[in-house]
Amino acid sequence: MKIINDYVRLMLFCGGLLLGIQIPALTDQYTKRVDAKLLESSQLLAGFQLTAERYFSGNIEQLISHYKQSNDAVFKQDAQNIQFIFERVKRLKEEFAALQGNGLSKAFHVLFSHDSAIMQETLSSYSYVIILDPMAFVWGFACALLLSSFIESLMKLVGLCIFKTTKTR
């Protein structure tokens, strides 16, 4: 029975290690997706930004307002489209800025305060890789220790409860 317990403990540790090593890879893929979306959205906005610079001292919000006030239905519709692209670029710049910190803050941002739509896209096309850098090893060993310690403590607690229940009968 002790051998089985040791193997289960070893498998939990290895599982936690493999799970933890994926955190830097997920962070990397998420960051690349945010960067690509920001680049694409910025390119879509670039032409409108040039018009705003030419006629509204670079203020794109004034351009949007001008389009909204137009009597032409096409311009009014374009105002909504430009507003959408402008807001998207702002959100993506904020997301990209949050990903420029150190590895720990970047990982915590990706794990706990990510953009849910971008995370869903990242997870749906996620490719499992093992990045061999110091941060991956730190995450791997930290997750391995936490997972194996938590499960083992939980199992001991369950064992104590069962032992006390059978002992009091």
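A search of the whole structure identifies five aromatic pairs, where rings of Phe, Tyr and Trp (the six-membered ring of the latter) are taken to pair if their centres lie within 6.5 Å. The structure is a predicted model, in which local features need pLDDT of at least 70 and side-chain atom pairs count only at pLDDT 80 or more, whereas totals for chains, interfaces and linings use all residues. Residues are numbered from 1 along each chain as its sequence is written, and side-chain values use heavy atoms, with hydrogens and water left out.

One of the pairs is formed by Phe108 and Phe112, which are stacked at 5.6 Å centre to centre with 25 degrees between the planes; planes under 30 degrees apart count as stacked, those over 60 as edge-to-face and the rest as tilted. Because Phe108 and Phe112 are four residues apart in helix H4 (residues 103-112), about one helical turn separates them, helices being DSSP runs of H or I with at least four residues, numbered from the N terminus. Phe108 is partly exposed at a relative accessible area of 40%, while Phe112 is exposed at 61% (buried means under 20%, exposed over 50% and partly exposed in between, with a 1.4 Å probe and protein chains only).

Phe108 also forms a tilted pair with Trp139, at 5.8 Å centre to centre and 55 degrees between the planes. Since Phe108 lies in helix H4 and Trp139 in helix H6 (residues 134-168), this pair ties together parts that are 31 residues apart in sequence. Trp139 is buried, with a relative accessibility of 11%. Through these ring pairs, Phe108, Phe112 and Trp139 are linked into a cluster.

Notes:
Helices (H or I, at least four residues) and strands (E, at least two) are DSSP runs, numbered from the N terminus.
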